[in-house]
Amino acid sequence: MVDYNLEMLSPNSLQSSFFHLSRNDPTVGFDFDCRNIAGHVVPGDPIGIHTSMDRDFSNLYMRLVVGSHLAQHLRHQLEEHQGYTSTVGISTSKLISKLVGNVNKPKGQTTLLPPYSVPYHGESNINSFLDEHNIGKIPGIGFKAAQRIRDYVLARHAVFDGRLVYGGTNENVKVREVRLFPSMGVEVLEKLLGGFGSPKDIAMKIWGLINGIDISEVARAREVPQQISIEDSYIRLDTMAEVEKELKLLSRRLLSRIRIDLSFMEDHDEVSGEQKGIEHATSDNRSSRQWLAYPKVLRLSTRPRPPLNPDGTRSRTFNRISRSCDMPSLVLDLSNSVEGLSEILVRETLVPLFHKLHPQKSGWDLSLMNLCAASISLTAASSRDGAGRDISKMFKMQEHVLKDWKFEDIDNAAAVGSESAVFHERARGAMGNQSQIKVKENFCDSVLKSKDETLKEIPDNDNTWQSDDEVTGPNYTCNKCGSAMPDFAIAAHERFHDLRD
């Protein structure tokens with residue numbers, strides 16, 4: 001789409017450009033000013049951006065301009081029709097786009113300006129932007145990988161925040177320190193991160209991320225998420241009253257998310273943008289909503305803190321324990337409110353599940369609880385990926401889908417009498433001229449006459465082959481009684497007369 005609109009730009013009227021959203025309909029789109037990038041830019045001083053005579057540089061800049069206006073249009077449409085605000089980052093890779101999008105949150109968009117390669121001004125804007133980030137903030141570099149890299153650069157274990165057991169580190173190692181660290185490269189990262197169970201080429205991938213290289217493609221979004229998860233962390237969760245209170249809060253958020261993400265309004269024209277938010281999904285106007293998909297599994301996860309060591313310290317661990325069960329059918333009840341359903345869900349399902357996870361009455365010292373709706377399957381889907389099919393839509397569309405496959409099964413006996421009438425009716429509707437109809441009737445009668453002749457019995461002759469199963473007419477007459485019979489019955493018939501005599 002961006003390439004197509006770049007071809008449609010007029011260099012003499014960039015200020016009054018038109019973004020085409022359809023190749024087939026030139027009227028579908030929106031006006032925009034192609035002289036400037038929409039939204040914020042990084043770095044913030046784009047002086048001299050138009051003075052470059054390099055063709056690749058200018059083409060990249062124009063692609064970013066067109067892309068920024070498309071992103072702005074999508075954000076405005078999403079907010080106007082769905083009631084959601086969004087944040088967008090614009091660059092040439094998923095890695096940079098995610099990080100750039102975090103610069104102006106919430107409800108903003110940011111574009112990383114060129115140059116993206118080293119020869120310009122001696123340094124790439126990608127490296128300059130990435131270098132200021134903590135190594136643990138780079139998408140694709142997990143907590144444990146970042147911890148090992150940080151320890152290697154510092155030549156010791158990093159000091160963590162002592163106020164919380166699961167607090168962040170007090171020593172931020174930036175990407176620039178890792179990238180320029182002596183001997184740092186793929187070989188060192190392979191020694192640090194490789195080994196049994198590690199992903200293939202993990203060192204090559206992370207070294208590319210550190211240098212701003214991300215070749216992963218943008219995948220098509222799924223129609224529904226694979227799972228929906230809600231969690232919260234705590235300083236200390238140690239009594240059943242506190243657990244029940246937090247489970248009610250988490251379950252309400254989970255049920256609201258399930259209704260928003262997995263259901264839809266049957267009549268979208270009667271719903272405004274603001275009504276399609278969380279308030280609308282949890283309001284009393286629920287009868288017009290239908291399920292697009294439903295979860296099959298409910299999972300409760302907790303993270304208990306380990307006991308104190310003899311020296312008074314506590315080991316750091318991020319391990320969770322969980323228990324699962326079938327998703328209760330009450331979750332799919334759209335006639336009741338989220339608050340009412342959450343009370344029943346906590347009392348009948350989540351509390352018994354928690355007791356199975358923690359048989360003790362107290363003293364769990366929980367730092368996290370998570371509720372997850374998993375194994376989500378499409379229902380009433382138009383494709384074969386779903387667990388069911390929308391029967392009502394199938395019946396509504398069958399006339400259109402099957403119109404080319406309809407036929408009438410007419411018996412041979414009825415064909416002789418009805419074919420002429422059908423032909424005459426078509427001729428009257430098409431011609432309207434009585435003389436021409438008469439010609440058609442004569443032609444039809446001649447055709448039917450030839451059909452009648454072909455249906456007549458073919459006379460037997462000596463050269464005609466007949467199968468054993470074929471039924472033939474009688475060819476023997478008894479001299480005593482005059483009965484007609486086939487050849488195979490002659491012997492039995494003669495014995496009948498002998499016994500009778």
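Author: Ser183 counts as exposed because its relative accessibility is 56%. The model is predicted, so local features need pLDDT of at least 70 and side-chain atom pairs count only at pLDDT 80 or more, while totals for chains, interfaces and linings use all residues. Residues are numbered from 1 along each chain as its sequence is written, and side-chain values use heavy atoms, with hydrogens and water left out.

Ser183 sits in the loop between α6 and α7. Its phi is positive, about 70 degrees, although Ser183 is not a glycine. Helices (H or I, at least four residues) and strands (E, at least two) are DSSP runs, numbered from the N terminus.

Ala155 also has a positive phi without being a glycine; the value is about 60 degrees. Ala155 lies in the loop between α5 and α6. It is exposed, at 70% relative accessible area.

Now the helices. α6 (175-179) and α7 (186-193) are among the elements that cover the buried residues of α8. The cover also includes α3 (94-101), α4 (125-130) and α5 (143-154). Contact here means heavy atoms within 4.5 Å. Which residues of α8 (202-210) are buried? They are Ile202, Ala203, Ile206, Gly208, Leu209 and Ile210. After α8 comes Gly212, with a positive phi near 80 degrees.

Axes are lines fitted to C-alpha atoms, for helices over the stretch in contact; angles run from 0 to 180 degrees between N-to-C directions. The sheet is open, has 3 strands in the order β3-β5-β4, and its pairing is parallel. β3 (40-42) and β4 (88-90) are the edge strands, each pairing on one side only. On average, neighbouring strands are turned by 25 degrees against each other, direction ignored. Two strands pair if DSSP finds at least two bridges between them. β3 and β5 (109-112) run parallel and are joined by 3 bridges. Within that pairing, Val42 stands opposite Leu112 of β5.

The bond runs to Pro43, with omega near -5 degrees. Pro43 belongs to the loop between β3 and α2 (55-82). Another cis bond joins Lys105 and Pro106, with omega about -10 degrees. Pro106 is placed in the loop between α3 and β5.

One surface detail lies elsewhere in the sequence. Leu21 is in the loop between β1 (17-20) and β2 (29-32). Because its relative accessibility is 30%, Leu21 counts as partly exposed.

Finally, the whole protein. It has 15 helices and 13 strands. Of its 501 residues, 35% count as buried. Take contacts between residues at least 6 apart in sequence: 63% of them join residues at least 24 apart. The accessible surface is about 32,300 Å², and 52% of this belongs to carbon and sulfur atoms. Accessible areas come from the Shrake-Rupley method with a 1.4 Å probe; for residues, only the protein chains shown count as cover.

Conventions
Buried < 20%, exposed > 50% of the residue type's maximum accessible area, 1.4 Å probe, protein only.
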